[in-house]
Amino acid sequence: MQGRTNCSSVKWLKHWLLSEECSSVRNLVVSTGLAPGILHSQSEYDSVVVSTFRERYWLETDTFHLPFGEMTITPDDVKQILDLEVKGKSVAEGFNNNMSWTDLYILFQETLGWEKDKTEMEFRLVASYDPSEPHKQPIIIKLLLKNLKTKFGGTLVKEMAGEMMDKTRVRRIATSYLVYSLGTVFLPDNSGNRVNIHYLQLLKNLDNIKNYSWATATLAYLPDSLRNASRVGATEIAGNVALLMVSLVT
């Protein structure tokens, strides 16, 4: 396998720093238990090292063949490196990646406060929406990550400028921050500046997020990404690359 590997966990996007948000948003995000994992993953990646690990990955056993033997990444590694909870229910429990349009609209209304027209416009923006040809643009069921950060981020400055941050607005901002983090830190894919909006199902009740086994979800997602990256012609690795680097280098 040859060629330089790109870390496609959208590393070219600017990190959405929790420190840029008001205290109410920060406290709500911290209460979910995901804040440490987000913070520990906001680091630069050595593409040479990651490429080397990709080349030494063995699909059949989900292990890395290194000069001194085989290694793998365990749930305890995720706990120690990202401080994510191992115990808890599976994120796959009740998760539906093929929701009806009606359910999608309801989901967006409940989590981000968007009506149907707003939701559809955001889907069209993913496909480079052209206002001059509104009926020719496809609808892609994803969200642009940069748009989420632009629309919801920067509440610390906004609050200092006098904007009110009521409970509903704070929860919507925290939800957008968390779905952004799922698309860039825990469950990133190779689509670039996009996130699977079905992840909002996991964020409907922010009080329940801490009950999921995020360590298991993050760990399960990474080998699956490595299997795809190991195919001939593949040049990108998704998943939490910080976990990959730290667990194998140390």
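**Ground rules**

I am working from a predicted model, where local features need pLDDT of at least 70, side-chain atom pairs count only at pLDDT 80 or more, and totals for chains, interfaces and linings use all residues. Residues are numbered from 1 along each chain as its sequence is written, and side-chain values use heavy atoms, with hydrogens and water left out.

**Entry 1: salt bridges**

I searched the whole structure and got six salt bridges (a side-chain nitrogen of Lys or Arg within 4 Å of a carboxyl oxygen of Asp or Glu).

I looked at Lys79 and found it bridged to Asp83, with 3.7 Å between the closest N and O atoms. For accessibility I use relative accessible area: buried is under 20%, exposed is over 50%, and partly exposed is in between (1.4 Å probe, protein chains only). Lys79 comes out partly exposed at 27%, and Asp83 is partly exposed at 37%. I also noted a salt-bridge network that links Lys79, Asp83 and Glu85.

Next I checked Lys118 and Glu122, whose side chains meet in a salt bridge at 2.8 Å, N to O. Both sit in helix H6 (residues 116-126), four residues apart, so about one helical turn separates them. My helices (H or I, at least four residues) and strands (E, at least two) are DSSP runs, numbered from the N terminus. Lys118 is partly exposed at 30%, whereas Glu122 is buried at 3%.

I then looked up Glu163 and Arg169, which form a salt bridge at 2.9 Å, N to O. Glu163 is partly exposed at 36%, and Arg169 is partly exposed at 29%.

**Entry 2: Asp117**

Asp117 is also in helix H6. I get 62% relative accessible area for Asp117, which makes it exposed. Its C-alpha is 9.2 Å from that of Tyr105, 12 residues away along the chain.

**Entry 3: Thr175**

I found Thr175 in helix H9 (residues 167-186), buried at 4%. A polar atom of the Thr175 side chain lies 2.7 Å from the backbone oxygen of Arg171. Skipping residues up to four places away in sequence, Thr175 touches Thr111, Leu112, Leu200, Leu203 and Leu206 (contact is heavy atoms within 4.5 Å).

I listed the contacts of Trp214, leaving out neighbours within four places in sequence: Leu34, Leu84, Glu85, Val91, Leu182, Leu202 and Ile209.

**Entry 4: strands**

I went through the strand pairs (DSSP must find at least two bridges between two strands). Strands E2 (residues 57-58) and E3 (residues 63-66) run antiparallel and are joined by two bridges. Trp58 stands opposite Thr63 in E3. The E2 and E3 hairpin has four residues between the strands, and Asp62 there takes a positive phi near 55°.

E3 also pairs antiparallel with strand E4 (residues 69-71), over three bridges. Leu66 has Gly69 in E4 as its bridge partner, and the hairpin from E3 to E4 goes through two residues.

Terms used: A polar contact is a pair of N or O atoms within 3.5 Å; within protein, one must be able to donate a hydrogen and the other to accept it, and residues adjacent in sequence count only if both atoms are side-chain atoms.
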